[in-house]
Every structure is written in C-alpha cells, then in structure tokens.
Amino acid sequence: QNLILNLLVDVYPVAYIDKIVKLKLKNLDALRKFVESADPELLVKLGKKKAFYVFKRAAKNIRHYREFLENRNINSSTIRNFDDFVNKAPTIDKESYVKTSKFLSDMCLNEHISEAEILVRSSGFTGKPCTWPRSKEEEEDSKTFFTFGLDLLYHTYKYRSLFINGFALGTWVSGVDVLKASGDM
C-alpha cells in the first residue's frame with residue numbers, strides 16, 4: 001500500500017492531491033487512521049511537494065511576492081524542486097515582506113482582495129501592528145487542521161476535553177486563531 005501511495009504522490013499534481021485531502025477532511029476519523037498508519041517518509045515527501053507547489057503558485061500569482069523575489073535577484077523559474085526552494089528562496093517576515101506591501105491586494109492571489117474572508121492583525125508588540133488578508137479557504141483549513149492536530153496529539157476525539165486557550169491576547173492573531181478554532185471543538 002505504501003508503495004502505491006509513494007507512486008501517487010510522485011505522479012499526481014498537488015492540486016489533485018489537495019482535492020483528495022479536502023474530501024478526506026469530511027471524515028476526520030478516516031483521515032486520522034490514514035495519517036497514523038502512513039509511512040512517515042511519505043508524509044514528509046507530500047509536505048515537501050506541497051511546500052514547493054505553494055512557492056511556485058505564490059511566485060506566479062502574488063504580485064508582492066514576485067516583486068519580493070525580483071528585488072533579491074531570485075528568478076523563480078530557476079527553483080525547480082524542494083531542495084532548490086530551501087536553498088534559494090528567501091525567508092519572509094513582517095519587516096521584509098508584510099510591511100513593504102503598498103496595498104493589501106498585492107498580497108492576494110491574483111490581487112483579488114474580494115476573496116479575503118478576514119483581515120488579520122498582529123498585536124503590534126514589536127512596535128507597529130501589521131495587517132494582512134486571509135481567504136475563507138485559509139480560515140476553514142486552519143480551523144479544521146487545528147482540530148485535527150489536537151485529535152492526533154491529544155486524542156480529543158476519544159475523550160471529553162477542556163481546552164484552555166492561553167494565547168488569547170487581544171488582537172494577537174495567533175490567540176484569535178486558537179480561540180476561533182477551539183470554538184468548534
């Protein structure tokens with residue numbers, strides 16, 4: 001079975017694999033059983049393939065990220081695999097990426113700010129808060145994977161659990177994310 005799955009991860013495009021994962025997310029018990037029984041190397045391979053796919057998609061479809069790469073003399077077409085991505089793609093952070101965007105739409109796929117479900121804001125702990133858009137899909141995925149991660153780590157699907165959110169600090173985005181995700185538990 002793992003041989004077949006390895007072959008599928010090698011052959012199928014990430015967009016197709018994402019669709020399969022989305023279907024599996026409708027039955028978290030089945031997805032959990034799959035993840036718990038899967039070869040860890042397969043999951044690592046899938047994660048690397050997904051990270052490389054997201055990089056290529058962002059480099060092609062997000063104006064500010066394209067400009068970010070160009071300003072560092074990085075041609076995304078020379079990054080051909082995950083190892084190239086790790087070794088050549090620059091790290092982004094608030095200072096070099098978020099704060100240098102002129103418009104929120106510049107950080108959206110194809111500049112479609114209309115697809116933003118929410119504008120998230122950092123606390124400003126480092127001096128000035130930052131704002132960035134997140135799509136409805138990103139919001140839903142973060143809630144689902146947060147719950148799924150708790151299920152895997154702490155077996156919350158088996159036991160009644162009390163979740164104490166120690167991160168809820170005003171507008172701090174991580175705290176708000178944890179609060180929203182835990183609300184569906």
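Tutor: Start with the surface. The protein chain exposes about 12,500 Å². Carbon and sulfur atoms supply 57% of that area. Keep in mind that this is a predicted model.

Student: How much of the protein chain counts as buried?

Tutor: Burial is judged residue by residue, with a cut-off of under 20% relative accessible area. Here 28% of the 185 residues count as buried.

Student: What pattern does the protein chain follow along the sequence?

Tutor: Count the elements, then take their order. There are eight helices and two strands. Read along the sequence, the order is α-α-α-α-α-α-β-β-α-α.

Student: What share of the contacts with a separation of 6 or more joins residues 24 or more positions apart?

Tutor: Look at separation along the sequence. In the protein chain, such pairs account for 57% of those contacts.

Student: Back to the surface. Which residues form the nonpolar patch?

Tutor: A patch takes residues with over 30% relative accessible area. This one holds Ile4, Leu7, Leu8, Val11, Tyr12, Tyr16 and Ile20. Together they have about 630 Å² of accessible area. Helix H1 (2-11) and helix H2 (14-24) are the elements that give two or more residues to the patch.

Student: Which element gives the largest share of the nonpolar patch?

Tutor: H1 does, with four residues.

Student: Take Ile20. Where is Ile20 found, and why does Ile20 count as partly exposed?

Tutor: Ile20 is found in helix H2. Ile20 counts as partly exposed because its relative accessibility is 35%.

Definitions and conventions:
Residues are numbered from 1 along each chain as its sequence is written. This is a predicted model: local features need pLDDT of at least 70, side-chain atom pairs count only at pLDDT 80 or more; totals for chains, interfaces and linings use all residues. Side-chain values use heavy atoms; hydrogens and water are left out. Buried means under 20% relative accessible area, exposed over 50%, partly exposed in between (1.4 Å probe, protein chains only). Contact means heavy atoms within 4.5 Å. Accessible areas come from the Shrake-Rupley method with a 1.4 Å probe; for residues, only the protein chains shown count as cover. Patches are made of residues with over 30% relative accessible area and no salt bridge: like charges are joined within 9 Å, nonpolar side chains (Val, Leu, Ile, Met, Phe, Trp, Tyr) within 5 Å. A salt bridge is a side-chain nitrogen of Lys or Arg within 4 Å of a carboxyl oxygen of Asp or Glu.
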